[in-house]
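Morning, everyone. Please have a look at the chain on the screen, and I will walk you through it.

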Amino acid sequence: MKEYKIRAHHGMCLAFFIGKGYSGDFTENMSRIKEGLEKNPKVCIVDRADDICTYCPNNSSGICTSREKTDGYDRKVLALCGLDAGTELEWKAFEKLVEDKILRAGNRKKVCGDCQWDFLCYNNILEDA
């Protein structure tokens, strides 16, 4: 089974992903990854470009052109989940950490409220739980 590299903040993006994104290639890639994660593979949580970033227009040779913002998102997710970059664990364990420590705890806006995709996440039921 493939091991995925997943940026820490992408744990939140995947929770809200509904097939919208930067481009067709980007959304197809994200859909494939989300489907693969349903098999609960081991993932490596990173604070740099990951498997999702492959088709992102902000990816410039593995460096995010919005990296000041995305690096901050990653740092906040890692801190709230009690993880370090490079941690390996099963996807479902990471997904649960994100859900419990960030989404259900009402911390999503604190992590990434200024994201351009915020409108897709702001009214999700997890924040009302």
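Let me start with a cysteine. The sulfur of Cys53 has its closest cysteine sulfur in Cys56, 6.1 Å away, and that is too far for a bond. The cut-off for a disulfide is a pair of cysteine sulfur atoms within 2.5 Å. Cys53 is buried, at 10% relative accessibility. Buried means under 20% relative accessible area, exposed means over 50%, and partly exposed is in between, with a 1.4 Å probe and protein chains only.

A word on where this comes from. This is a predicted model, numbered from 1 along each chain as its sequence is written. Local features need pLDDT of at least 70, side-chain atom pairs count only at pLDDT 80 or more, totals for chains, interfaces and linings use all residues, and side-chain values use heavy atoms, with hydrogens and water left out.

Back to the cysteines. Cys112 has its closest cysteine sulfur in Cys115, at 5.9 Å, again too far for a bond. Cys112 is buried too, with a relative accessible area of 12%.

Three strands make an open sheet, in the order E1-E2-E5, with mixed pairing. Strands here are DSSP runs of E, at least two residues long; helices are runs of H or I, at least four; both are numbered from the N terminus. Two strands pair if DSSP finds at least two bridges between them. At the edges are E1 and strand E5 (87–90), and each of them pairs on one side only. On average, neighbouring strands of this sheet are turned by 35° against each other, direction ignored. Axes are lines fitted to C-alpha atoms, for helices over the stretch in contact, and angles run from 0 to 180 degrees between N-to-C directions.

Now strand by strand. E1 and E2 run parallel, joined by 4 bridges. Ile6 stands opposite Ile45 in E2. Lys5 has Cys44 as its bridge partner in E2. Is E2 mostly covered or mostly open? Mostly covered: 4 of its 5 residues are buried.

On to the core. The largest nonpolar core has 29 residues. Those with the most contacts inside it are Ile6, Leu37, Val43, Ile45, Val77 and Phe94. By nonpolar core I mean a set of buried Ala, Val, Leu, Ile, Met, Phe, Trp, Tyr and Cys residues, joined through side-chain atoms within 4.5 Å. Several elements each supply at least two residues of this core, including strand E1 (4–7), helix H2 (24–37), strand E2 (42–46) and helix H3 (67–81). Which helix gives the most? That is H4, with 5 residues. In general, nonpolar side chains tend to be buried together in soluble globular proteins.

Stay with H4. Its buried residues are Trp91, Phe94, Val98, Ile102 and Leu103. They cover an arc of only 95° around the axis, so they sit on the same side of H4. That arc is taken over the directions from the helix axis to the C-beta atoms. Phe94 touches Ala8, Gly11, Ile45, Val77, Leu83 and Leu89, leaving out residues up to four places away in sequence. Contact means heavy atoms within 4.5 Å.

Then helix H5 (residues 108–112), where we find Val111. Val111 is buried, with a relative accessible area of 2%. Val111 touches Met12, Tyr73, Lys76, Val77, Leu80 and Ile102, again not counting residues up to four places away. Take Met12: 99 residues from Val111 in sequence, and 9.5 Å in space, C-alpha to C-alpha.

Asp114 is in the loop between H5 and helix H6 (118–121). Asp114 touches Lys69 and Tyr73, with residues up to four places away in sequence not counted.

Most residues other than glycine have a negative phi. Asn40 is not a glycine, yet has a positive phi of about 60°. Asn40 is in the loop between H2 and E2, and is partly exposed, at 21% relative accessible area. Ser61 also has a positive phi, near 55°. Ser61 lies in the loop between strand E3 (59–60) and strand E4 (63–64). Is Ser61 buried or exposed? Exposed, at 77% relative accessibility.
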